[in-house]
Amino acid sequence: NLNYKFWLLCAPDVLRIFYFFFQDYYKTGIIRCPDGISIPELREACDYLCISFEYSTIKCRDLSALMHELSNDGARRQFEFYLEEMILPLMVASAQSGERECHIVVLTDDDVVDWDEEYPPQMGEEYSQIIYSTKLYRFFKYIENRDVAKSVLKERGLKKIRLGIEGYPTYKEKVKKRPGGRPEVIYNYVQRPFIRMSWEKEEGKSRHVDFQCVKSKSITNLAAAAADIPQDQLVVMHPTPQVDELDILPIHPPSGNNDLDPDAQNPML
């Protein structure tokens, strides 16, 4: 009894509320969510008490909230499987080629990518990696699943994570002639999920320019540098060091009678 009273005093407010309802769980194996208590609060209490949050143990009137929590659990388990089986091999391939990030597009099993070799898309899609999986495509169709996947990737230490839907070119539809005779290729685009992530440790320093690496003998005349004039033909006006004007004034002998008397002392000394 003393342990229960101490636990009730130290436990969070939510757990103190559920304490009286969990007594039935240890007798019947079922938790009936009381009115006025949200499913996320019930889930928090179950996790704290190490009680399995499953449909067989939870009974409530708000089925939508219950299904949402169960879907989050299922989405987490499913994405961890997709991560190990489909996504991680592409990340390893990018890392082995020296890359520190990857952009993965998820296509369906029936999608066909047929680009023109002479006129490929000019939007950078050639650097994307492709996963052909209708199951993964359906998984990322829901924004809640993308949120779960993003949280899993963050927990695994990845950064700059982006998940969404974007257009991806599949095949060439037609070629138009622009003024001047330059061709313009029109591609068919389909909306497909994508994942972008990075494992770069020093992403801030990669875009930093170290000005200490610039040689001291570099061209200082920017106009000449732009004109690509050789270094030996440059006439660079180096400014003289700035000194006090009194230091450069000539010291003249004082005028007057002192001019006739070489032994007279200079008053300036």
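A nonpolar core is taken here as a set of buried Ala, Val, Leu, Ile, Met, Phe, Trp, Tyr and Cys residues joined through side-chain atoms within 4.5 Å. Buried, in turn, means under 20% relative accessible area, with exposed meaning over 50% and partly exposed lying in between (1.4 Å probe, protein chains only). The model is a predicted one, in which local features need pLDDT of at least 70 and side-chain atom pairs count only at pLDDT 80 or more, while totals for chains, interfaces and linings use all residues. Residues are numbered from 1 along each chain as its sequence is written, and side-chain values use heavy atoms, with hydrogens and water left out.

To start with the overall picture, the protein has 9 helices and 6 strands; helices (H or I, at least four residues) and strands (E, at least two) are DSSP runs, numbered from the N terminus. Of the 269 residues in the protein, 29% are buried. Contact means heavy atoms within 4.5 Å. Among the contacts with a separation of 6 or more, 64% are between residues 24 or more positions apart.

Next come the cores. The largest nonpolar core holds 24 residues, and Phe79, Ile87, Phe140, Leu153 and Met197 have the most contacts inside it. Two or more residues each come from α4, β3 (101-107), α5 (134-139), α6, β5 (159-177) and β6 (183-198). It is α4 that gives the largest share of this core, 7 residues. Isoleucine 87 touches Phe79, Tyr82, Ile104, Ile131, Ile195 and Met197, if neighbours within four places in sequence are set aside. Another core lies apart from the largest one; it has 12 residues, including Tyr25, Leu42, Cys46 and Phe53. As a general matter, nonpolar side chains tend to be buried together in soluble globular proteins.

How do the helices meet? Helix α4 (residues 63-96) and helix α6 (residues 143-155) have axes that come within 9 Å and cross at roughly 55°. Axes are lines fitted to C-alpha atoms, for helices over the stretch in contact, and angles run from 0 to 180 degrees between N-to-C directions. The pair α4 and α6 is therefore oblique, given that angles under 35 degrees count as roughly parallel, over 145 as roughly antiparallel, 65 to 115 as roughly perpendicular and the rest as oblique. On the α4 side, the contact involves His68, Asn72, Ala75, Arg76, Phe79, Glu80 and Leu83, and on the α6 side Glu144, Asn145, Val148, Ala149, Ser151, Val152, Leu153 and Glu155. By type, the residues of this contact are 7 nonpolar, 4 polar and 4 charged; Ala, Val, Leu, Ile, Met, Phe, Trp, Tyr, Cys and Pro count as nonpolar, Asp, Glu, Lys and Arg as charged, and the others, Gly among them, as polar.

Valine 148, found in helix α6, counts as buried because its relative accessibility is 10%. Leaving aside neighbours within four places in sequence, valine 148 is in contact with Asn72, Ala75 and Arg76. Not counting residues up to four places away in sequence, asparagine 145 touches Ala75 and Phe139.

Helix α4 has a further partner in helix α3 (residues 39-48), which packs against α4 at an angle of about 50° with the axes 9 Å apart. Ile39, Pro40 and Arg43 in α3 meet Ala65, Leu66, Glu69 and Asp73 in α4. The residues of this contact are 4 nonpolar and 3 charged, with no polar ones.
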